[in-house]
Amino acid sequence: MSEQHTTRSVSVIGLGPMGQAMVRAFLAAGFEVTVWNRSTAKIDAMVELGAKRAETVAAALDANEVTVLSLTHYAAMYDVLGQAADHLTGKVIANLSSDSPEKTRVGAGWVRSHGAQFISGGVMSAGDNLVHPASYIFYSGPREVFDAHAELLRPLSPQEYLGADDGLAQIYYQALLTIMHPWLIGFEQAIAVIERSGHDIDRFIPFAVRSNAAFPYFMAESTAAKKKAWLDLASLIMMDAGVQHVIDASEEVGVDATISHTAQAFWRKAIAASEQAGRVVSTREIIRGEKS
Ligand SMILES: NC(=O)c1ccc[n+]([C@@H]2O[C@H](COP(=O)([O-])OP(=O)(O)OC[C@H]3O[C@@H](n4cnc5c(N)ncnc54)[C@H](OP(=O)(O)O)[C@@H]3O)[C@@H](O)[C@H]2O)c1
């Protein structure tokens, strides 16, 4: 019995570090990949790897049923697809660019108004390393569109389909980056303190990794039974005092402690609000604007 081989194919528009990683992942999976990018030097680099050049956005859309977008934001999607909006009918756009949930919903509506199907994604990767075991992609949008194209998109990373709301992938993606951004700045501050204090960060890093292992415990504790107030007043006061020591350790050696001052401001607001209300007011309530 002879086996029929059909080469799967896809277009990728947007060849920044992430778009390039996507092209490499598709090529590695044996796909025929057609690429377009605003600045052409990035196209040349992908063609050298085996991708096919599209001279125009229209040509990239025409080349395949599914086009993956990897752009800086949704504003870029209008700049790009606006060049060939009359080529969208009957196509499928998988926009894996980052933006706010609402901008994503509006963008989804714009694509559909031009006759294409739409699915959105948030690339929860370890940087642009799509093959890292921790990397995966959130998807949201119509279930039938995801189901129809999940297999095609699988080379990019493991998939987590979240639901029909076009903005949902971005809600989860941005929420996780909400944790990551202060973490990154805090990490920079920590290693600056180590170095400015005359020590080697290589000795410090394993301890940082080890203490990160406790973070899941804190996540579980702080959200158990959807508690409103995790810390009692004594604990809030302890956090205020504790972060002052971090600020001192940083500033004694000339390290910027802005992120620690910001954290301290939340605990101080919670303490003041608690004293005023005669009950524990959590930082969770402060952040949600339920008490200021
Ligand atoms: N890189 C990562 O590690 C990573 C990880 C997870 C998620 N993401 C997300 O994935 C998306 C792509 O990431 P990236 O790092 O590749 O982003 P990037 O460096 O900002 O590049 C994205 C692409 O957008 C294009 N672009 C931007 N504005 C444009 C416009 N007005 N018209 C036409 N093209 C435009 C750029 O074209 P030019 O080349 O012509 O400038 C480039 O090809 C972003 O939404 C990012 O947040 C990235």
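Helix 4 passes helix 5 in a left-handed crossing, a crossing being left-handed if the near helix is turned anticlockwise from the far one by less than a right angle, and right-handed if clockwise. The model is predicted, so that local features need pLDDT of at least 70 and side-chain atom pairs count only at pLDDT 80 or more, while totals for chains, interfaces and linings use all residues. Residues are numbered from 1 along each chain as its sequence is written, and side-chain values use heavy atoms, with hydrogens and water left out.

| Pair | Angle | Axis separation |
|---|---|---|
| Helix 4 (residues 74–81) and helix 5 (residues 101–113) | about 15° | 10 Å apart |
| Helix 1 (residues 17–28) and helix 2 (residues 40–49) | roughly 15° | within 11 Å |

Helix 4 and helix 5 are therefore roughly parallel to each other, a term for angles under 35 degrees. In their contact (heavy atoms within 4.5 Å), helix 4 contributes Tyr-74, Met-77, Tyr-78 and Leu-81, and helix 5 contributes Lys-103, Thr-104, Val-106, Gly-107, Trp-110 and Val-111. By class, this contact of helix 4 with helix 5 has seven nonpolar, two polar and one charged residues, where Ala, Val, Leu, Ile, Met, Phe, Trp, Tyr, Cys and Pro count as nonpolar, Asp, Glu, Lys and Arg as charged, and the others, Gly among them, as polar.

Helix 1 and helix 2 are likewise roughly parallel to each other, but helix 1 passes helix 2 in a right-handed crossing. Their contact is made by Gln-20, Val-23, Arg-24 and Leu-27 of helix 1 together with Lys-42, Met-46 and Leu-49 of helix 2, and by class it has four nonpolar, one polar and two charged residues.

Definitions and conventions: Axes fitted to C-alpha atoms, helices over the stretch in contact; angles between N-to-C directions. Helix = DSSP H or I, 4+ residues; strand = E, 2+ residues; numbered from the N terminus. Parallel < 35°, antiparallel > 145°, perpendicular 65-115°, else oblique.
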